[in-house]
Amino acid sequence: QVQLVESGGGLMQPGGSLRLSCAASGFSLNGNGIGWFRQATEKEREGVSYISSSGGSTYYADFVRGRFIISRDNAKNTVYLQMNSLKPEDTAVYYCAARPPGGTWYDPRRYEYWGQGTQVTVSS
């Protein structure tokens, strides 16, 4: 069964850090670009970050640039999102997704596989 499973979410105070993991099973992440998306309550899903199949190219939404870092370890079949300097507006359910290379990275319609999401809450 093809699955993507996110983990690492939780409650954090503003200014803190969390690292999210996206573990694949049933298929190899090698050859797939991986995107992180988030969806806050009553808002649409938005692209957060993307890493190419080789890991050589990364993209970030303006609202996380300089704070978040995306990386991948194909040997472990896992992608990570290191989130630093967290803000209350980062509160959302975070999803990872996989797709073949090509197209705009922030368009969720291009992704074939999705995880179930992990909740991130930033509050004092």
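Select Thr58 to begin, a residue of strand β6 (residues 58-60), where strands are DSSP runs of E of at least two residues and helices are runs of H or I of at least four, both numbered from the N terminus. The model on screen is predicted, with pLDDT of at least 70 needed for local features and 80 or more for side-chain atom pairs to count, whereas totals for chains, interfaces and linings use all residues. Residues are numbered from 1 along each chain as its sequence is written, and side-chain values use heavy atoms, with hydrogens and water left out.

With Thr58 still selected, colour by accessibility: its relative accessibility is 35%, so Thr58 counts as partly exposed, the class between buried (under 20% relative accessible area) and exposed (over 50%), for a 1.4 Å probe and protein chains only. Next, display the residues that Thr58 touches, which are Tyr50, Ile51 and Ile70 once residues up to four places away in sequence are set aside; contact here means heavy atoms within 4.5 Å. A distance drawn from the C-alpha of Thr58 to that of Ile69 spans 8.9 Å, for a pair 11 residues apart in sequence.

Because Cys22 lies in strand β3 (residues 18-25) and Cys96 in strand β9 (residues 92-99), the pair ties together parts that are 74 residues apart in sequence.

Finally, zoom out to the whole protein chain and switch to a cartoon, which shows zero helices and 11 strands. The radius of gyration of the chain, taken over C-alpha atoms, is 13 Å, close to the 14 Å of the globule rule for 124 residues, so the chain is as compact as a globular protein of that length; the rule is 2.2 Å times the number of residues to the power 0.38. Along its principal axes the C-alpha trace spans about 40 × 25 × 25 Å, and buried residues make up 42% of the 124 residues. Of the contacts with a separation of 6 or more, 59% join residues 24 or more positions apart.
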